[in-house]
There are 4 protein chains.
Amino acid sequence: MNNQVDLNADVGESYGAFRIGADEELLREVTSANIACGWHAGDPLVMAKTVDLALRTGAGIGAHPGFPDLLGFGRRYLQISSAEAKGYVLYQMGALEAFVRRTGETIQHVKLHGAMYNVVSKDPVLAAAVVEAVIEFNRDLILVGLSGSQFLKLAEDAGLRVAHEAFADRAYLPDGALVSRTTPGALIKDPVSAAARALRMMTEGLVRTSDGQDIQVRADTICIHGDNPGAVSFARAVRQALENAGVKIMPLREFIR
Amino acid sequence: MNNQVDLNADVGESYGAFRIGADEELLREVTSANIACGWHAGDPLVMAKTVDLALRTGAGIGAHPGFPDLLGFGRRYLQISSAEAKGYVLYQMGALEAFVRRTGETIQHVKLHGAMYNVVSKDPVLAAAVVEAVIEFNRDLILVGLSGSQFLKLAEDAGLRVAHEAFADRAYLPDGALVSRTTPGALIKDPVSAAARALRMMTEGLVRTSDGQDIQVRADTICIHGDNPGAVSFARAVRQALENAGVKIMPLREFIR
Amino acid sequence: MNNQVDLNADVGESYGAFRIGADEELLREVTSANIACGWHAGDPLVMAKTVDLALRTGAGIGAHPGFPDLLGFGRRYLQISSAEAKGYVLYQMGALEAFVRRTGETIQHVKLHGAMYNVVSKDPVLAAAVVEAVIEFNRDLILVGLSGSQFLKLAEDAGLRVAHEAFADRAYLPDGALVSRTTPGALIKDPVSAAARALRMMTEGLVRTSDGQDIQVRADTICIHGDNPGAVSFARAVRQALENAGVKIMPLREFIR
Amino acid sequence: MNNQVDLNADVGESYGAFRIGADEELLREVTSANIACGWHAGDPLVMAKTVDLALRTGAGIGAHPGFPDLLGFGRRYLQISSAEAKGYVLYQMGALEAFVRRTGETIQHVKLHGAMYNVVSKDPVLAAAVVEAVIEFNRDLILVGLSGSQFLKLAEDAGLRVAHEAFADRAYLPDGALVSRTTPGALIKDPVSAAARALRMMTEGLVRTSDGQDIQVRADTICIHGDNPGAVSFARAVRQALENAGVKIMPLREFIR
């Protein structure tokens, strides 16, 4: 049994007059905050405010770079070169750091967003470019990625600390990849089922795939999606189930070596 | 007589397939590079390449934040709050720093672009917000602004090093402000006249206004506009006139205290 | 007493994953729909959907062009030339028309958004440019603008049909202009007060200004702001107060000559 | 032997201060103008100016919709749904029409840009969505697409007039697709070779592929790329070779039935 885990959520996704998410409540439940950096979501005022919120709740601050696709919320694959991948991640990490540094804090982790997250799990060339960006920017950052992915292996080999991420509310394929959001049943909307899945990941290290197999999954951090109305109660359900079972919920920085 | 001066130019203004400027040649003539940060011009690949170019030529690297107005190239006034001004400058400085840090170098200076440059020269509230942004980001940066402006006074009072900027190729108003770009005669296109004006600024500390008066102007750095075809030969003419008169051309970091 | 009036609301302001407004409910209460055209808000999918919604409820369809400032939701003044004003309005009207034409319907009206609405009320050069754009695009469109403004006078002189717009939920200055949104008290949040103001506009042709005077105001159409949570009940309150007093609520096309 | 052909070029690709292409000269050589619609390139002022230029030279005016990717100039594949494809094309055709209608002219054709052009050649679902958009917008428009593609077949079956496009300056694969721009040898830079290829397309209906086969190609229109320095002399070389051989160069509207 794995004794501790981080809960992470995407926050800071509002953009100007466009409001998304209940960041304030959500940040009381999770221990790591993936803060959008202005490309797929987020803007400078939102970034400043979200960094301040995370500091108040003690959540670890993460850069959450995405594709330059505000219209698609970074969820659509865009064909980019490895130089672009590296540049896009550097740019967004740098932008976020400006808001973090003014508080005396530092960035804890980096987690890619949406389609960029998915593509590096599969494409070793883009994966290597992102790892390079993180190393050149700050080799003390923890890189969060799909549990068991080649991306994390590559990052570890390059000397980065990594956190294997599992999803309590997403259906899994037999190879450990996620079922695409556009497939029916891809999202697990019932908090009780999600909490049970999260708990099983921690106690048995297993998750049941969409075709009924049990596969191994390592969960250093569990993702709580913030962009649905029930996100907060969802987070509470997962948190409570884990805490009741004696799993300690804490930011990545406290246990990732 | 003032014995040394910096020459600065806006560079890194290309955007994707859109190419602007002869950065490589221009960076051999100037000593400080104002690098666009992706909002009014510039993109991550261009920023990376321009930082590398500046390192090779020895030009001091500057962040060049502008309004979020790619369509208007940051030259159109946009009504922003002081929180927005602060956030926009922080964001862009941070983004540029990511590309500088990976080279082991540091940012030398900050110079606002276009309409943002102009508005802080007049609006003390926005000026204070920008000074705050620079201080919170890195109080070692040199702030470049309109020579004699309240903006620079405010920055100095707040403890920042400042560089007074003069324009060899722009017409002046009696109060030391620049004649608007859209007014006929605002731009001095003849390199010989511009070089003569630059020289007089250094030797006598004076510039002739558009209505024929001589006013005092302090020039720690002289701006060379890079977005016109003759920019490089223009820069050479100014540089040569100054060097022939014994003025030393060097980056701000070497003489601004 | 004025016997009929249109109620208009800004709709179609969602953008990708960013959701704004309760368009479906709101469009059951109002008779004219100002549909964002993708620059300050709105996107092609949202435009298509909103046009379809308006058709189902019978609301007159309006183009609602704004500044190219998604981040500022078109509410921040941007310094543009008259050629830009004309081009921006043409572009956005054209874009909307593509979605309207596919339904066999036509656009009823044009109403500028936010800061663009405000600036043409004051700046005769930009006002003339916008009138030119509408005339060249389709001289059968009804132009909606600030009641009593020079902008509408100019449009009428040029041969356009115009609709004078009044605001039930905004404070007025003695000259008939609106108190700026950022001034305390600018927004009237109580539906009962707003309904009473709307009714008085129709029955007496008067509105009380923020300093207590009564000024004349002509209301061909009354604006219902859609971007606050209570918009729908707000619209219902205004509608009911007017209907109870015998004022007929109908789209502009049914009574503007 | 095919007796007539259209020459088309992408124009109106400047964006604000970012200048691309020698539109004025190029439009004297070609007979159809693909005008960017503001998404991958182009802006309202550029669109107005380019429409006016095309009218003066007699070139047929075409809408040239692309992906919402200014940074990538519309050349990068973006994963969109069929509803998005339809909406994006409707939006951009509508926007362009506003500038055309004010001149009393009409749009002659539609040609997709870059990665959107490529993807509809292969993806029948997106192809159908684009055909639907054109039919709903204006079924008199001529749809330009890759010669021999399923996309054009589908458009013809739906009742649209189509123009088969061939490329004098691009290498071909054996299946009639183009060699990717990023592959060495993809672009034929020598005007003489390109002119010879164009001529052979017209006289023999054949083009030699990159691996040395001859394949059939129908050329109703030949593309002249405008975004390279030699575009104008390139266009002249092709034009002259064809005219010398007795091929008549004329806009699509004059011969496509």
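At roughly what angle do the axes of helix 3 and helix 5 of chain B cross? Let's work through that pair, then look at how chain B meets its neighbours. Keep in mind that this is a predicted model.

**Two helices inside chain B**

Helix 3 of chain B covers residues 82-101, and helix 5 of chain B covers residues 124-137. Their axes cross at roughly 35° and come within 8 Å. As for handedness, this crossing is right-handed. From helix 3 of chain B, the residues making the contact include B:S82, B:A85, B:V89, B:L90 and B:M93. Helix 5 of chain B answers with residues including B:V125, B:L126, B:A129, B:V130 and B:F137.

Now for the contacts between chains. The size of an interface is often given as the accessible area lost when the parts come together.

| Pair | Buried area | Share on carbon and sulfur |
|---|---|---|
| Chain A and chain B | about 1800 Å² | 68% |
| Chain C and chain B | about 900 Å² | 52% |

**A closer look at chains A and B**

How many residues of chain A are in contact with chain B? The count is 22, and they touch 22 residues of chain B. Four salt bridges link chain A and chain B. One pairing is A:E97 with B:R101, whose closest N and O atoms are 2.4 Å apart in a salt bridge. There are also six residue pairs in polar contact between chain A and chain B, both partners being at pLDDT 80 or more.

Which helix of chain A gives the most to the side that touches chain B? That's helix 3 of chain A, with 12 residues. Helix 2 (44-57), helix 3 (82-101) and helix 5 (124-137) of chain A each put in at least two residues. On this side of chain A you'd find 13 nonpolar, four polar and five charged residues.

**And chains C and B**

Over here, 11 residues of chain C are in contact with 11 residues of chain B. Two salt bridges are counted between chain C and chain B. The side chains of C:R76 and B:E84 form a salt bridge, with 3.2 Å from N to O. Six residue pairs are in polar contact across the interface of chain C and chain B, again with both at pLDDT 80 or more.

Technical notes. Residues numbered from 1 in each chain as written. Chains lettered and ligands numbered in written order. Predicted model: local features only at pLDDT ≥ 70, side-chain atom pairs only at ≥ 80, totals over all residues. Heavy atoms only, no water. Contact = heavy atoms within 4.5 Å. Buried area = accessible area lost by both parts, 1.4 Å probe. Polar contact = N/O pair within 3.5 Å; in protein donor to acceptor, adjacent residues only side chain to side chain. Axes fitted to C-alpha atoms, helices over the stretch in contact; angles between N-to-C directions. Helix = DSSP H or I, 4+ residues; strand = E, 2+ residues; numbered from the N terminus. Left-handed = near helix turned anticlockwise from the far one by under 90°. Nonpolar A, V, L, I, M, F, W, Y, C, P; charged D, E, K, R; others polar.
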